[in-house]
Amino acid sequence: MVSDRLFTIREEGDAVVILDQSLLPHQYVTRHLKSLADAAHAIRAMLVRGAPLIGVAAAYGVALALKEGAGDESLQHACDTLAATRPTAVNLHWALTRMQRHLRPLPVAQRRAAAWAEARAIAAADAAANRAIGAHGLALIERIAHRPASLMTHCNAGWLATAAWGTALAPVYAAREAGLPVHVYVSETRPRNQGLLTAWELHEAHIPHTLIADNAAGLLLRQGKVDLVIVGADRIAANGDTANKVGTYLKALAAADCGVPFYVAAPTSTIDMACPGGEDIPIEARAGEEVRHVVGLDRHGTPAAVAIAPEATAVANPAFDVTPARLITGIVTERGVLPPGDIRTWFK
Ligand code: MRU
């Protein structure tokens, strides 16, 4: 999934180049991040998004920050600034902790080069973990009796959301490599419409898919049109409760009612063993503006935002919800597939 055009993040000299996901799928634009401020803005404004990619971008943000000085104070300031960008995806905090642990014991003069190397290692480890998630998830798809296997996903947990391969979509890409036909129902994912990113990814990979309004998911599950639901995660608590893009919980409820297996795919860096349960996961509240407007192309093909509600309309915009462990069939990580209640065993 990584090519000259299809990449999420890469180094270029002493800058970091990202694909600006806030403009996709309508415009393909890359941006150069040159400073801590650039990296923090890219995460906060969702130019980069998706839990694993946020972690990788934060690690590179530390490397960019140390250009200005690599003492303890600079390092702490960089980590504090990046940690404050988005609250729910634990990969952000995981990556910053890993950077701190690696850099703190080093002499200041060595920290800058070491920060780039560690950020690179975090990106490579994410790609490798997602590749392994693909292999474990493929086994789940292989068990489905008919072809094409019919999957449903929510939001975007594809390569765009990671260093490479994706999490929930990694098994889809593995199935394609194995010559196993799949079809994916992709829910739009209001208000930010990350489902459009998933549709774009699948279109680029020539994988059959159908875009649906979020509210259509229950009917399709009820009609027996879905064999398996697979989504990503922003934080998995120690008891298996999982935060993911808002709307995930409704899909899990409908899947449970219809007897359709519901899987969560994420690298172990998304599991927060310090977080006992779903009620302890911080849920990001985003601007009402995102709900009051839709973004698309106007009739001349120019990107445009259109208001769909008056400015004065009160809006609640929680970006994530929590799916209780009891609604999750299994958690797929690079280490295998386990029922949510058993994930502690990966950390013993
Ligand atoms: O707000 P976003 O777009 O960063 O949210 C993304 C999601 O909720 C994804 O499903 C999750 O991060 C998993 S990405 C592999």
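Predicted model: local features only at pLDDT ≥ 70, side-chain atom pairs only at ≥ 80, totals over all residues.

**Around the largest cavity**

Author: Two elements, α2 (51-65) and β9 (242-245), each put at least two residues into the lining of the largest cavity. The biggest share comes from α2, with 3 residues. The cavity itself holds about 170 Å³, and it is one of 2 cavities of 30 Å³ or more that a search of the whole structure turns up. Its lining runs to 22 residues, and the ones nearest its centre are Arg 49, Gly 50, Ala 51, Asn 156 and Asp 234. Sorted by class, that lining has 10 nonpolar, 8 polar and 4 charged residues. As for where it sits, domain 1 (9-127) and domain 2 (134-346) both contribute lining residues, so the largest cavity lies between them.

Now bring in the ligand. There are 19 residues around it, and Arg 49, Arg 86, Asp 234, Asn 244 and Lys 245 come nearest. Asp 234 has a side-chain N or O atom 2.7 Å from an oxygen atom of the ligand. For Asn 244, a polar side-chain atom sits 2.6 Å from a ligand oxygen, and for Gln 194 the distance from a side-chain N or O atom to an oxygen of the ligand is 2.8 Å. On its own the ligand has 420 Å² of accessible area, and the protein covers 100% of that.

Gln 194 turns up again in the lining of the second largest cavity, as does Lys 245, along with others including Arg 190, Pro 191 and Arg 192. This one has about 50 Å³ of space, and its lining splits into 4 nonpolar, 3 polar and 5 charged residues.

On to the open spaces. The largest pocket has a volume of about 490 Å³. It is lined by 24 residues, with Ser 22, Pro 191, Arg 192, Val 294 and Val 295 closest to its centre. Two or more lining residues come from each of α7 (194-204), α10 (289-292), β12 (293-297) and β13 (303-307). Both domain 1 (9-127) and domain 2 (134-346) supply at least three residues here, and the lining as a whole counts 13 nonpolar, 7 polar and 4 charged.

Arg 190 is one of its lining residues, as are His 154, Asp 214 and Lys 251. Here α9 (248-258) and α8 (217-222) each give at least two residues, with α9 giving the most, 3.

Conventions
Residues numbered from 1 in each chain as written. Heavy atoms only, no water. 1 Å grid on protein atoms, 1.4 Å probe; cavity = no way out; pocket = protein on both sides within 12 Å on 5 of 7 lines; lining within 4 Å. Points joined across faces, edges and corners; volume = space filled by probe spheres on them. Helix = DSSP H or I, 4+ residues; strand = E, 2+ residues; numbered from the N terminus. Nonpolar A, V, L, I, M, F, W, Y, C, P; charged D, E, K, R; others polar. Domains from an automatic or database assignment. Near = heavy atom within 4 Å. Polar contact = N/O pair within 3.5 Å; in protein donor to acceptor, adjacent residues only side chain to side chain. Areas by Shrake-Rupley, 256 points an atom, 1.4 Å probe, with all protein chains shown as cover.
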